[in-house]
Amino acid sequence: MNFEEALHEILSLPSPWGIMHVELIKDERLVEVQVRHQGEELHCPECGAPSPGYDSRNRRWRHLDLCEYQTSIVCDVPRVECVEHGVKQLLVPWAEV
């Protein structure tokens, strides 16, 4: 198992989310994990209806440290335009309560 596969398991990323890139920034003691939605079909997070993509927003989350390195998850989170609910951001599994 390589480092990216291990991170995928540690973060418990369900399909269709996947790790695109991992960067180790030694002088800042930072591990930056770039995650992307890899699914072709998008759904409204409120009603689950298939919805067209609207745009995406770049977001950053602080995760638990890895071996004294600060860990950040970075993602362009897709937004959809639902007929019933309007423009909504997809839910991201690592930020759910």
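## Close-up views of a predicted model

**View 1. Glu68 and Arg29 meet through their side chains in a salt bridge, at 3.9 Å from N to O.** The pair brings together distant parts of the chain, 39 residues apart: Glu68 is in the loop between β3 (53-66) and β4 (69-82), and Arg29 in the loop between β1 (17-25) and β2 (30-37). A salt bridge here is a side-chain nitrogen of Lys or Arg within 4 Å of a carboxyl oxygen of Asp or Glu. Helices (H or I, at least four residues) and strands (E, at least two) are DSSP runs, numbered from the N terminus. This is a predicted model, where local features need pLDDT of at least 70 and side-chain atom pairs count only at pLDDT 80 or more, while totals for chains, interfaces and linings use all residues. Residues are numbered from 1 along each chain as its sequence is written, and side-chain values use heavy atoms, with hydrogens and water left out.

**View 2. Here are the backbones of Arg29 and Glu68, each with a positive phi.** For Arg29, phi is near 50°; for Glu68, phi is about 70°. Neither residue is a glycine. As a reminder, most residues other than glycine have a negative phi. What about exposure? Glu68 counts as exposed at 66% relative accessibility, whereas Arg29, at 38%, counts as partly exposed. The cut-offs are under 20% relative accessible area for buried, over 50% for exposed, and partly exposed in between (1.4 Å probe, protein chains only).

**View 3. Arg60 and Glu32 form a salt bridge between their side chains, 3.0 Å from N to O.** Glu32 is buried, with a relative accessible area of 11%.

**View 4. Glu46 and Lys88 pair up in a salt bridge, their closest N and O atoms 2.8 Å apart.** Glu46 is in the loop between β2 and β3 and Lys88 is in strand β5 (residues 86-89), so the pair ties together parts that are 42 residues apart in sequence. Both ends are partly exposed: Glu46 has a relative accessible area of 48%, and Lys88 comes in at 25% relative accessibility. By the salt-bridge rule, the count comes to 5.

**View 5. Leu13 is a buried residue, with a relative accessible area of 7%.** Leu13 lies in the loop between α1 (3-10) and β1. Which residues does Leu13 touch, not counting residues up to four places away in sequence? They are His8, Gly18, Ile19, Val35 and Trp94, where contact means heavy atoms within 4.5 Å. Leu13 and Trp94 are 81 residues apart in sequence, yet their C-alpha atoms are 7.5 Å apart in space.

**View 6. The peptide bond from Ser15 to Pro16 is cis, with omega near 15°.** Pro16 has its place in the loop between α1 and β1. Most peptide bonds, for comparison, are trans.

**View 7. The largest pocket has a volume of about 180 Å³.** Its lining is made up of Pro14, Ser15, Pro16, Trp17, His37, Glu41, Leu42, His43, Pro45, Leu90 and Leu91. Ser15 and Pro16, the two residues of the cis bond, are both in that list. By class, the lining has 7 nonpolar, 3 polar and 1 charged residues. Ala, Val, Leu, Ile, Met, Phe, Trp, Tyr, Cys and Pro count as nonpolar, Asp, Glu, Lys and Arg as charged, and the others, Gly among them, as polar. A pocket is an open set of points on a 1 Å grid over the protein atoms alone, where a 1.4 Å probe fits, with protein on both sides within 12 Å along at least five of seven lines; lining residues have an atom within 4 Å of a point. Grid points are joined across faces, edges and corners, and the volume is the space filled by probe spheres set on the points.

**View 8. Zooming back out, the protein chain has 1 helix and 5 strands.** From the N terminus on, the elements run α-β-β-β-β-β. The C-alpha atoms fill a box of roughly 45 × 25 × 25 Å, taken along the principal axes. Of the 97 residues, 33% count as buried.
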